[in-house]
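User: I am new to this structure and would like to go through it step by step. Please show it to me before we start.

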Amino acid sequence: MAEAQNPFEQAQAQFDHGAELLGLPDEVRTMLRWPLREFRFQIPVRMDDGRTEVYFGFRVQHSDARGPAKGGIRFHPNETLDTVRALAMWMTWKCAVADIPLGGGKGGVVINPASLSVNEKERLCRGWVDQMWKNIGPRTDVPAPDVGTTPQMMAWMMDEYTKLQGQYTPGVFTGKPVDMGGSLGRTEATGFGVIYTVREAMEHLGMDPKQCVASIQGFGNVAQYAANGFVDMLGGKVACVSCYDLADKKPYTYSHPDGIDPHFLAEHHRPVRHD
């Protein structure tokens, strides 16, 4: 069996290679190989049946040299501190390459959000903020949604932060619903960003997307809009997509010899409610 890769060690190795090419001084390398700040905490949550469960949460602020840390919060059963560290580091480089005045951050909770009711999710979101509110903010660290989190969850978190700060602070979280200060186009942005990158890569490689066939892993928010973009924007064909069925608790692959219609498939893709 192949040995599992540690994502943070992978990120550090990538940095070491880049630092060598750039000839960065040793003291700069030392600072940037490790996060500036790390938080690991416990979040007690009262469940609907009266029990109290304790979940582990993280927030890593890799660098704020260019501005406030920026990065999502992931709710995933296999979340680890090293995964969050790696993603925070990669956020630093992404913001720098795009010349955005932000640093890199990332957060997470070890949980499968589909296992929680709506009320339990809200308590967990507010509990995450209860542990972190003194160390995040519009000028310090601005979290966002990521794997397993939604605009509704960002709204709960923003509301909890506002309550604790004693003033309305919509800028502390991005990815909120539009009617609560969120941005138009936020839902589609990541999936379309994938397609913009694919488009530029294909042009560089001399590939015609109209002659290409794609298979896409997943059919969540990012994958749905990536599939739409590959068909609608690039004129390509999506042969198949995969997704995890929460009711059956196993993955499925959907395919068609003429290519799937991602818009049609999305109409029949509904999250399983657990409330």
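Analyst: A residue counts as buried when its relative accessible area is under 20%, and as exposed when that area is over 50%. The model is predicted.

User: How many residues of E3 are buried?
Analyst: Strand E3 covers residues 69–76. The strand is mostly covered, and of its eight residues the number buried is seven.

User: Which residue of E5 does Gly 71 stand opposite?
Analyst: E3 also runs parallel to E5, with five bridges between them. In E5, the residue opposite Gly 71 is Pro 143.

User: What span is expected for H3 at 1.5 Å a residue?
Analyst: H3 has 17 residues, and from its first C-alpha to its last it reaches 25 Å. That is close to the expected span, 24 Å.

User: Which elements do the buried residues of H3 pack against?
Analyst: The buried residues of H3 include Val 84, Ala 88, Met 89 and Cys 95. The partners of this buried set are helix H1 (7–22), H2, strand E1 (37–46), strand E2 (52–63), E3 and E4.

User: Is Arg 33 buried or partly exposed?
Analyst: Arg 33 lies in helix H2, residues 26–33. Beyond its neighbours within four places in sequence, Arg 33 is in contact with Phe 8, Gln 12, Phe 15, Asp 16 and Met 89. Its relative accessibility is 24%, so Arg 33 counts as partly exposed.

User: How far apart in space are Arg 33 and Glu 9?
Analyst: In sequence, Arg 33 and Glu 9 are 24 residues apart. From C-alpha to C-alpha, the separation in space is 9.7 Å.

User: What covers the buried residues of H5?
Analyst: Helix H5, residues 151–165, has 15 residues and reaches 21 Å, close to the 21 Å expected. Among its buried residues are Met 153, Trp 156, Glu 160 and Tyr 161. Their cover includes strand E3, helix H4 (118–132) and strand E5 (141–145).

User: Which residue just after H5 takes a positive phi?
Analyst: A positive phi also occurs just after H3, where Asp 99 has about 60°. Just after H5 the value is about 80°, and the residue is Gly 166.

User: How many disulfides does a search of the whole structure find?
Analyst: The closest cysteine sulfur to that of Cys 212 is in Cys 240, and at 15 Å it is too far for a bond. For Cys 240 the closest is in Cys 243, and 12 Å is again too far. Over the whole structure, the number of disulfides found is zero.

User: What is the radius of gyration of the protein chain?
Analyst: The protein chain has eight helices and eight strands, and 40% of its 275 residues count as buried. Its C-alpha trace spans about 55 × 55 × 45 Å along the principal axes. A compact globule with 275 residues would have a radius of gyration near 19 Å, so the chain agrees with that at 20 Å.

Key
Residues numbered from 1 in each chain as written. Predicted model: local features only at pLDDT ≥ 70, side-chain atom pairs only at ≥ 80, totals over all residues. Heavy atoms only, no water. Helix = DSSP H or I, 4+ residues; strand = E, 2+ residues; numbered from the N terminus. Expected span 1.5 Å × (residues − 1). Buried < 20%, exposed > 50% of the residue type's maximum accessible area, 1.4 Å probe, protein only. Contact = heavy atoms within 4.5 Å. Disulfide = S-S within 2.5 Å. Pairing = 2+ DSSP bridges. Rg over C-alpha atoms; globule rule 2.2 N^0.38 Å.
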